[in-house]
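User: I would like to go through a structure with you, beginning with the overall fold and then moving to the details. Could you take my questions one at a time?

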Amino acid sequence: MKDVVQGRLVHLTEMRDGDAEWLQDTQWEPGLLRNLSADALHPLTAQEYAEWATDPDSDDHYFFMVRANADDGLLGSVVLNNVYFKNRRASMGIALPVVSDRGQGYGQDAIQTILSFAFNELGLHKVNLEVNANNPLAIHAYEAVGFTREGVNREAIFQDGHWLDLYSYGILASEWRAVSRETEN
């Protein structure tokens, strides 16, 4: 049986003692908030992170901490939001706040791992996401695991006095399975 929360480089876990404080502290890492497709900055406290992440009665979101396989070190978080079981789809979000952890393959592996959970455990058919047009590292990671750009929300992000596009991406379970088989061999 496949472990749907274990990747090659990372594994997904529950929020542990100290994780909410880490999220609170790392939300200020350079570039993190500017790359979120969410609207305005709303800094969260550790308590708010903990409450949002650990709602055991919610079936509309699944929140995981991302940890390195090598040392169980905390790398970030990944979430499936707006899970619709009737239509078998969800939205995905990921954050690796520490700049030195980006570009190491952790994000791409975390995406593969959460998609394994979404498709193999929850039985979802589609996962979608939004990404700012000026976030090439994230776009590369999404496309590398099989996401397809499905649309452009023109001039949807205002940053530094300029308008940026917001890209919509999606991946179907069948597309992910085809790509993940190729990359696992």
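Analyst: The conversation below goes from the overall fold to individual strands, a helix and several loop residues.

User: Before anything else, what kind of model is this?

Analyst: This is a predicted model.

User: How many helices and strands are there in the protein?

Analyst: The protein has 6 helices and 7 strands. Read from the N terminus, the order of elements is β-α-α-α-β-β-β-α-β-α-β-β-α. The radius of gyration is 16 Å, close to the 16 Å given by the globule rule for 185 residues, so the protein is as compact as a globular protein of that length.

User: What does the C-alpha trace span along its principal axes?

Analyst: The C-alpha trace spans about 50 × 40 × 35 Å.

User: What share of the residues counts as buried, and what about the surface?

Analyst: Of the 185 residues, 42% count as buried.

User: Let us turn to the strands. How do E2 and E3 pair?

Analyst: E2 and E3 pair in the antiparallel sense, over 6 bridges.

User: Is E3 enclosed or open to the outside?

Analyst: E3 is largely enclosed by the rest of the structure, because 8 of its 11 residues are buried.

User: Which way does E3 run relative to E4?

Analyst: Strand E3 (residues 74-84) and strand E4 (residues 89-95) run antiparallel and are joined by 6 bridges. Val78 stands opposite Ile94 in E4, and Val79 has Gly93 in E4 as its bridge partner. E3 and E4 also form a hairpin, with 4 residues between them and Arg88 in the turn.

User: What about E4 and E5, in which sense do they pair?

Analyst: E4 and strand E5 (residues 126-132) pair in the parallel sense, over 3 bridges. Ser91 has Asn128 in E5 as its bridge partner.

User: Which hand does the β-α-β unit of E4, H4 and E5 have?

Analyst: E4, H4 and E5 make a right-handed β-α-β unit.

User: Let us stay with H4. How far apart are its end C-alpha atoms, and what span should its 16 residues have?

Analyst: The end C-alpha atoms of helix H4 (residues 106-121) are 21 Å apart. At 1.5 Å a residue, the 16 residues should span 22 Å, which agrees.

User: Why is H4 described as largely enclosed?

Analyst: H4 is largely enclosed by the rest of the structure because 12 of its 16 residues are buried. The buried residues include Ile111, Ile114, Leu115, Phe117 and Phe119. Among them are also Asp109, Gln112, Thr113 and Ser116.

User: What comes just after H4?

Analyst: Just after H4, Gly123 takes a positive phi of about 70°.

User: Which residues is Arg16 in contact with, leaving aside its neighbours within four places in sequence?

Analyst: Arg16 is in contact with Arg67 and Asp72.

User: Where is Arg16 itself?

Analyst: Arg16 is in the loop between strand E1 (10-13) and helix H1 (19-26). Arg16 is partly exposed, with a relative accessible area of 32%.

User: And how far is Arg16 from Met65, in sequence and in space?

Analyst: Arg16 and Met65 are 49 residues apart in sequence, and their C-alpha atoms are 8.5 Å apart in space.

Note on methods
Residues numbered from 1 in each chain as written. Predicted model: local features only at pLDDT ≥ 70, side-chain atom pairs only at ≥ 80, totals over all residues. Heavy atoms only, no water. Helix = DSSP H or I, 4+ residues; strand = E, 2+ residues; numbered from the N terminus. Expected span 1.5 Å × (residues − 1). Buried < 20%, exposed > 50% of the residue type's maximum accessible area, 1.4 Å probe, protein only. Pairing = 2+ DSSP bridges. Right-handed = clockwise from strand over helix to strand, strands pointing away. Rg over C-alpha atoms; globule rule 2.2 N^0.38 Å. Contact = heavy atoms within 4.5 Å.
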